[in-house]
Amino acid sequence: MITQHGNLTQEKWDRLSFLEQMANIGSEVSRALNWRKKNNDSYSQKAVCRSLELVELTLKSVKGFSRYKELSRLKEAIIDYFYGENEFSSTDILWRKYFDHFNYAARRQY
């Protein structure tokens, strides 16, 4: 995978809580959705690549089968929505609602 976050290391990523990691992934997905809506496929695809890179970093650091399973399914659903045939019937609204919960929870921890 092409490294989009040039100065982000696994160690730096691991310092974030799971909620913060998911909120950051959600930010990239949101950017991809916004650029897609503006018909800028190049920027949208770059944001999707960044989100997948963050999912991979999270998969490497996650402990517990249930989180690993959710992240694997998340990766599959992102790829399906942006590159595949949308077999999971995802929508922009669904993606935003899914990640809104992580954003809210991440903000509440401080």
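**Salt bridges and burial**

Modeller: Let's start with Arg-31, which is partly exposed at a relative accessible area of 38%. This is a predicted model, where local features need pLDDT of at least 70 and side-chain atom pairs count only at pLDDT 80 or more, while totals for chains, interfaces and linings use all residues. Residues are numbered from 1 along each chain as its sequence is written, and side-chain values use heavy atoms, leaving out hydrogens and water.

Biologist: Why is Arg-31 called partly exposed?

Modeller: Buried means under 20% relative accessible area, exposed over 50%, and partly exposed in between (1.4 Å probe, protein chains only). Arg-31 has 38%, so partly exposed is the word.

Biologist: And what makes Glu-28 count as buried?

Modeller: Its relative accessibility is 7%, and the cut-off for buried is under 20%.

Biologist: How do you know that Arg-31 and Glu-28 meet in a salt bridge?

Modeller: The term asks for a side-chain nitrogen of Lys or Arg within 4 Å of a carboxyl oxygen of Asp or Glu. Here the N to O distance is 3.3 Å, so the pair qualifies.

Biologist: What makes Arg-50 and Glu-28 a salt bridge?

Modeller: Their N to O distance is 2.8 Å, and the limit is within 4 Å. Arg-50 lies in helix α3 and Glu-28 in helix α2, so the pair ties together parts 22 residues apart in sequence. Helices here are DSSP runs (H or I, at least four residues), numbered from the N terminus. Glu-28, Arg-31 and Arg-50 are linked in a network of salt bridges.

Conventions:
Helix = DSSP H or I, 4+ residues; strand = E, 2+ residues; numbered from the N terminus.
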